Amino acid sequence: MLDGLSGLFSSRVRLDVVAALLSGPKSFTTLKQLTGATDGNLGRQLEVLVQAGAVAGERALVGKRGRTTYSLTPSGRAGFRAYVEALEALLAQGEEQQQE
């Protein structure tokens, strides 16, 4: 029944990150504010998304401090779209079964 649902997007924090990145790149600080995640949890979830190729991180020096900006990759956007479509299909299937 859950075929097609990628575990990559099943974490609430990863889902929040991807949703935030749909509108464009965000800094770690901005993602932390938007997700409400701790530094450690957000860092770990971003690491998972980067390793999977769904998100890219670009490090730059701003003044004397490093700043990492994250963006959704084309494959991350496509994967998220497939995840949403699988959820929609699951919902439609449930609604059909309820009407029977």
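In the predicted model, the axes of helix H2 (residues 28-35) and helix H3 (residues 39-51) come within 10 Å and cross at roughly 110°. Angles of 65 to 115 degrees count as roughly perpendicular, and H2 and H3 are therefore roughly perpendicular to each other. The crossing in which H2 passes H3 is right-handed. On the side of H2, the contact is made by Phe28, Leu31, Lys32 and Thr35, while H3 contributes Asp39, Leu42, Gly43 and Leu46.

The strands are considered next. Strands of a sheet pair through backbone hydrogen bonds, in either a parallel or an antiparallel manner. In this model, three strands form an open sheet, arranged in the order E1-E3-E2, with antiparallel pairing. Strand E1 (26-27) and strand E2 stand at the edges and have a single partner strand each, so one side of each is left without a neighbour in the sheet.

Strand E2 (residues 55-62) and strand E3 (residues 65-72) run antiparallel and are joined by eight bridges. Valine 55 has leucine 72 of E3 as its bridge partner, and valine 62 is partnered in E3 by arginine 65. E2 and E3 form a hairpin, with two residues between the strands. Glycine 63 lies in the turn of this hairpin and has a positive phi of about 70°. Helix H1 lies across E1, E2 and E3.

A pair of aromatic rings is described by two quantities, the distance of the centres and the angle of the planes. A search of the whole structure finds two aromatic pairs. One of them is formed by phenylalanine 9 and phenylalanine 80, whose ring centres are 5.6 Å apart and whose planes stand at 75°. Planes over 60 degrees apart count as edge-to-face, so the pair of phenylalanine 9 and phenylalanine 80 is edge-to-face. This pair links distant parts of the chain, its two members being 71 residues apart. Phenylalanine 9 belongs to the segment before helix H1 (12-21), whereas phenylalanine 80 is in helix H4 (residues 74-99).

Notes: Residues numbered from 1 in each chain as written. Predicted model: local features only at pLDDT ≥ 70, side-chain atom pairs only at ≥ 80, totals over all residues. Heavy atoms only, no water. Axes fitted to C-alpha atoms, helices over the stretch in contact; angles between N-to-C directions. Helix = DSSP H or I, 4+ residues; strand = E, 2+ residues; numbered from the N terminus. Parallel < 35°, antiparallel > 145°, perpendicular 65-115°, else oblique. Left-handed = near helix turned anticlockwise from the far one by under 90°. Contact = heavy atoms within 4.5 Å. Pairing = 2+ DSSP bridges. Phe/Tyr/Trp six-rings, centres within 6.5 Å; stacked < 30°, edge-to-face > 60°.
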